[in-house]
Amino acid sequence: MFLRQYWNDTRLAYAHRGYNQSLTLNSKKSELWVPDLYFINEKEGSFHEITTPNLLLRVNPTGRVTYSQKLTVKLSCNMDLKKFPMDQQRCPLEDGKLDDLELPEFVTPPNISTENRVVKYLTGNYSYLIATFYLNRKSGFYLIQTYIPSILIVILSWVSFWIDVRAVPARISLGLLTVLSMTTQSSGALGQLPRVSYI
């Protein structure tokens, strides 16, 4: 994602000196104050530094600072999977901005709600941003890999009712084949599903 922050630092204003061009200070980042931003629900994150650090630090004559950088962030999101794979999830991104979010397993609606909060700690008040996005799971993979094969196996098991009653080996073979197929398919599906304590 591209994370872009804006703030005013009057100590960096230089309009009174007659210079009206914005300055790009990428190499001076370590010498300037930058907000201490962190993601509360972050599991893993990294900065992009190929071939040079992907950041922009620009100061305009009035002291307004634009700070932009490219990040990769892996966030935690507690999901309720009771309706899996026809589920809908609500996941917050705490402290950040989302544009053009795209996930391979979910359909994401275009509207993302944002909310500003202030958190009070002993050391002072801190601003807090929550971006909440709603995910609708794409169920096509599960239809093709689980539902349709299961339906076909169940239909195949019904064929044994039309086999002659005296053809015992054929009926037993067909019944055993469908049970083994369902067992193999369910064990394969369970290997891909998250481990939850509810049905």
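Which residues does UniProt list for "transmembrane region"? The unreviewed entry lists residues 141-163, and the views below place this span within the predicted model.

**Figure 1. Overall view of the predicted model.** Residues are numbered from 1 along each chain as its sequence is written, and side-chain values use heavy atoms, with hydrogens and water left out. Because the model is predicted, local features need pLDDT of at least 70 and side-chain atom pairs count only at pLDDT 80 or more, whereas totals for chains, interfaces and linings use all residues. The protein contains two helices and nine strands; helices (H or I, at least four residues) and strands (E, at least two) are DSSP runs, numbered from the N terminus. Read from the N terminus, the order of elements is β-β-β-β-β-β-β-β-β-α-α. The C-alpha trace spans about 105 × 40 × 25 Å along its principal axes. The radius of gyration is 28 Å, while a compact globule of 199 residues would have one near 16 Å; this radius is taken over C-alpha atoms, and the globule rule is 2.2 Å times the number of residues to the power 0.38.

**Figure 2. Surface and contacts of the whole protein.** The protein exposes about 14,800 Å², of which carbon and sulfur atoms supply 57%; accessible areas come from the Shrake-Rupley method with a 1.4 Å probe, and for residues only the protein chains shown count as cover. Buried residues make up 22% of the 199 residues. Buried means under 20% relative accessible area, exposed means over 50%, and partly exposed lies in between (1.4 Å probe, protein chains only). Among contacts with a separation of 6 or more, 72% are between residues 24 or more positions apart, where contact means heavy atoms within 4.5 Å.

**Figure 3. Strand S1 and its partner S5.** Strand S1 covers residues 2-8 and has two faces. Leu-3, Gln-5 and Trp-7 form the covered face, and Phe-2, Arg-4, Tyr-6 and Asn-8 the uncovered one. Strand S5 (residues 64-75) runs antiparallel to S1, and seven bridges join them; two strands pair if DSSP finds at least two bridges between them. Trp-7, from the covered face, has Val-65 as its bridge partner in S5.

**Figure 4. The hairpin of strands S8 and S9.** Strand S8 (residues 113-121) pairs with strand S9 (residues 124-137) in the antiparallel sense over nine bridges. The two strands form a hairpin, with two residues between them. Thr-114 stands opposite Ala-131, and Glu-115 stands opposite Ile-130. Tyr-128 is also found in S9. Is Tyr-128 buried or exposed? Tyr-128 counts as buried because its relative accessibility is 15%. Tyr-128 and Val-118 are 10 residues apart in sequence, and their C-alpha atoms are 5.5 Å apart in space.

**Figure 5. Asn-136 and the pairing of S7 with S9.** Strand S7 (residues 106-107) pairs with S9 in the antiparallel sense over two bridges. Asn-136 is found in S9 and is the bridge partner of Val-107. With a relative accessible area of 30%, Asn-136 is partly exposed. Leaving aside neighbours within four places in sequence, Asn-136 is in contact with Asp-87, Gln-88, Glu-105, Phe-106 and Val-107. Ser-22 is 114 residues from Asn-136 along the chain, and their C-alpha atoms are separated by 43 Å.

Figure 6. Helix H2 (residues 168-192) has 25 residues. From its first C-alpha to its last, H2 reaches 37 Å, close to the 36 Å expected at 1.5 Å a residue; the expected span is 1.5 Å times one less than the number of residues. The buried residues of H2 are Leu-174, Thr-178 and Gln-185, and they pack against helix H1 (140-158). In the UniProt "transmembrane region", residues 141-163, the chain is 78% helix and 0% strand, and the end C-alpha atoms lie 34 Å apart. The unreviewed UniProt entry also places "domain: Neurotransmitter-gated ion-channel transmembrane" at residues 146-198. Over residues 146-198 the chain is 72% helix and 0% strand, with end C-alpha atoms 20 Å apart. UniProt positions are given in the numbering used here, feature names are shortened, and annotations may be inferred rather than shown by experiment.
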